[in-house]
Every structure is written in structure tokens, then in C-alpha cells.
Amino acid sequence: MKISVCIPVYNFDVRELVTALNREIHTYALDAEIILIDDASEYAFREINTKIKHQVHQLIFLEENIGRSRIRNLFTKYADGDYFLFLDCDAGIDHPDFLRKYIAEIKHNPALDLLYGNFRIAEQYSASLRNRYSVAREIFSGDRSSDISVFKTVNFAIKKEILVEFPFNEELTQYGYEDYVFAKLLEKNGICFLAFNNPVIHVDDTDNAVFLKKTQVSMDTLYGLIISPHNTPLIKDIRVYKAAANLKKLKLDAVFLFMYRLAEKKIYRNLVSEQPEIRLLDVYKLAWLLRKMQ
């Protein structure tokens, strides 16, 4: 069984990540390869990452940015492993037996189609809004789970044949929900899923104001899914969508937005502060989505 470690790269120095993976591959003679596809990064990052070309099986530079979904699907053209292990480029390796833990799980249960390894937050960035949100809403706390709703694309392994059959939705070109829609598509088609604790370290220093802009983009993405009826089965359980749909059904959306406008500046000041409240981020997201749905 061969593992292809697939790392989409965008404006990030991946030398430390690749070196850590290479160390484990060569120390234990693992049947694994590392493939990097750079999604049209700035010149400085392309130059930096070119220095580790000798450490990877392939390093591909794209001339135009194709986005989070298309770039993951693109790995099927370059990687030949039985399983693709996808890592975000801003991930760090937490344990020296990271790859061997994945391999052991797959060998123990070869029926697994999709494995999710979880993540933890780099301590120096734990106070930011982005990472407070991850701790509160994204990181699963159990040892193992078959609940595919915990799935995130930061750290997962998938059978090549499954990704070929059920690729990421390439209509989702902007930030947000490509992982959720992908997971729901796989769940709908009965794939065998396991989440287990083999985390990477998420090194995300996104400024609070920048994260709020990305949150707006994610609500734009969600709205694009909402207006296409065939997506309803895939998004019906998203919390902010359910809340927005209920408010509109009860004809309370205009009341909510009126009340939000009265507190909007205060909410924003909290969210960009050093002590942001996640419940206010929920309100912020709901207001942005309802405005799109009017």
C-alpha cells in the first residue's frame, strides 16, 4: 500500500513540514511520496519552496490560481498512491510517527475509504478569533468517531479511487464549505469513514479583521449553494443556514437585521478585539447570510 502525501501550497513556506514528513519516510522506509502543487503563490514563496524540490517526488507550479477544490482534484493526475493523504500547507507535524499512525489504521481496517486525523492550534496563535472558533466549533475532542460532520480538509486520507469517483465540487471557487459539501456527498454515497486523533498543528496567524472578511466570503459561498436547489440535501444541517431559514419562515428576518444594525458597530469592535466572543461571530455570520437572502 502506497501513500501519496498531497500538499496544496499557497503563499506559505512548507520547508519545515516537508522535512518532517521526509524524515519519517526515510527513517522507516515507508512506501510514500510527497507531492506539492503550488496554486500560483507570490514569487517569494515559490523561490523559498523551490529549495526543497529534491525532497519531494513532484513540485508543480500553477500559473493561475484555481482554488481549494480544483487543486485537490488535480492531485489525481500526479499522484499514484493507493491513498492520498492531504495536508494543508500551514500544518505542522505534531508527532514523529504521524504517517505510521495513518498506515496502521488503514492496515487494521482496509475497508476505510476516508480517514480524518484532526488538528490542534499552535499555542502562540490560540487567542485569535480564527483559532478560538476552531477550538469551539471545529476540533473534535473524542479519540475516535464515525460522525462525518467532524471532517475538515486540514488533515485527511482518502482512497484514490474514491476521490476519482467523488471529486470536490469545483463550482466552489471561493473560501468556505467545500469540505462540508464534500463530506456530505461521501456520506450520501455510503463511504466508510473514521475520525481518529492523529493531529497536525494548525499554524494560522490570521488577523481578526482578515478572518471576518473570509467569513463574509464563506457566507457568499453558502448563499451560492442555497440558491441551487440540488444542494439542499447537502447543506440542510448547517447551523447558520437552518437559523436563517427559520427566521425567514417565521418572517422575523427583517426584525433580526434591524436589531443587528443597532449593535453592528459594537459587535464588530468585539470581534476584532483581543477578547472576541464566538457567539457574536455566530450573529455576524447570520446577519451577513440574511442580507444575501433578502
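Two strands are said to pair if DSSP finds at least two bridges between them. Helices (H or I, at least four residues) and strands (E, at least two) are themselves DSSP runs, numbered from the N terminus. With these terms in hand, I turn to the structure above. It is a predicted model, in which local features need pLDDT of at least 70 and side-chain atom pairs count only at pLDDT 80 or more, while totals for chains, interfaces and linings use all residues. Residues are numbered from 1 along each chain as its sequence is written, and side-chain values use heavy atoms, with hydrogens and water left out.

I begin with strand E1, residues 3-9. Which strands does E1 join? Four bridges link E1 to strand E4, residues 83-87, and the two run parallel. Within this pair, isoleucine 3 stands opposite tyrosine 83 of E4. E1 also runs parallel to strand E2, residues 32-38, to which it is joined by seven bridges. There, cysteine 6 is placed opposite isoleucine 35 of E2. As background, strands of a sheet pair through backbone hydrogen bonds, either parallel or antiparallel.

These strands belong to an open sheet of eight strands with mixed pairing, in the order E3-E2-E1-E4-E9-E6-E10-E8. At its edges are strand E3 (58-61) and strand E8 (144-145), each of which pairs on one side only.

Is E1 buried or exposed? Seven of the seven residues of E1 are buried (under 20% relative accessible area, with a 1.4 Å probe and protein chains only), so E1 is largely enclosed by the rest of the structure. In a regular strand, side chains alternate between the two faces of the sheet. Both faces of E1 are covered: Ile3, Val5, Ile7 and Val9 are buried on one side, and Ser4, Cys6 and Pro8 on the other.

Let us look at one residue of this strand, proline 8. Its relative accessible area is 14%, and proline 8 is therefore buried. Leaving aside neighbours within four places in sequence, proline 8 is in contact (heavy atoms within 4.5 Å) with Ile37, Ile71, Arg72, Phe75, Leu87 and Cys89. Proline 8 and leucine 87 are 79 residues apart in sequence, yet 7.5 Å apart in space, C-alpha to C-alpha.

Helix H4 (residues 98-108) lies across E1, E4, strand E6 (114-116), E8, strand E9 (155-159) and strand E10 (193-196). H4 runs at about 140° to E4. For such angles, axes are lines fitted to C-alpha atoms, for helices over the stretch in contact, and angles run from 0 to 180 degrees between N-to-C directions.

There is a further open sheet, of three strands in the order E5-E11-E7, again with mixed pairing. Strand E5 (91-93) and strand E7 (119-121) stand at the edges with a single partner strand each, so one side of each has no neighbour in the sheet. On average, neighbouring strands of this sheet are turned by 40° against each other, direction ignored. E5 pairs with strand E11 (residues 200-202) in the antiparallel sense, over three bridges. Here alanine 91 has histidine 202 of E11 as its bridge partner.

I now come to the packing of helices. Helix H5 (residues 129-138) and H12 pack at an angle of about 100°, with their axes 10 Å apart. Leu129, Arg132, Tyr133, Ala136 and Arg137 of H5 make the contact with Ile278, Leu281, Asp282 and Lys285 of H12.

Helix H11 (residues 253-271) also packs with helix H12 (residues 278-293), at an angle of about 130° and with axes 9 Å apart. That makes H11 oblique to H12.

Finally, two residues in loops deserve attention. Most residues other than glycine have a negative phi. Alanine 29, in the loop between helix H1 (15-27) and E2, has a positive phi, near 50°. Tyrosine 177, in the loop between helix H6 (160-165) and helix H7 (178-188), also has a positive value, near 75°. Which of these residues is buried, and which is exposed? Tyrosine 177 is buried, at 15%.

How values were computed:
Parallel < 35°, antiparallel > 145°, perpendicular 65-115°, else oblique. Buried < 20%, exposed > 50% of the residue type's maximum accessible area, 1.4 Å probe, protein only.
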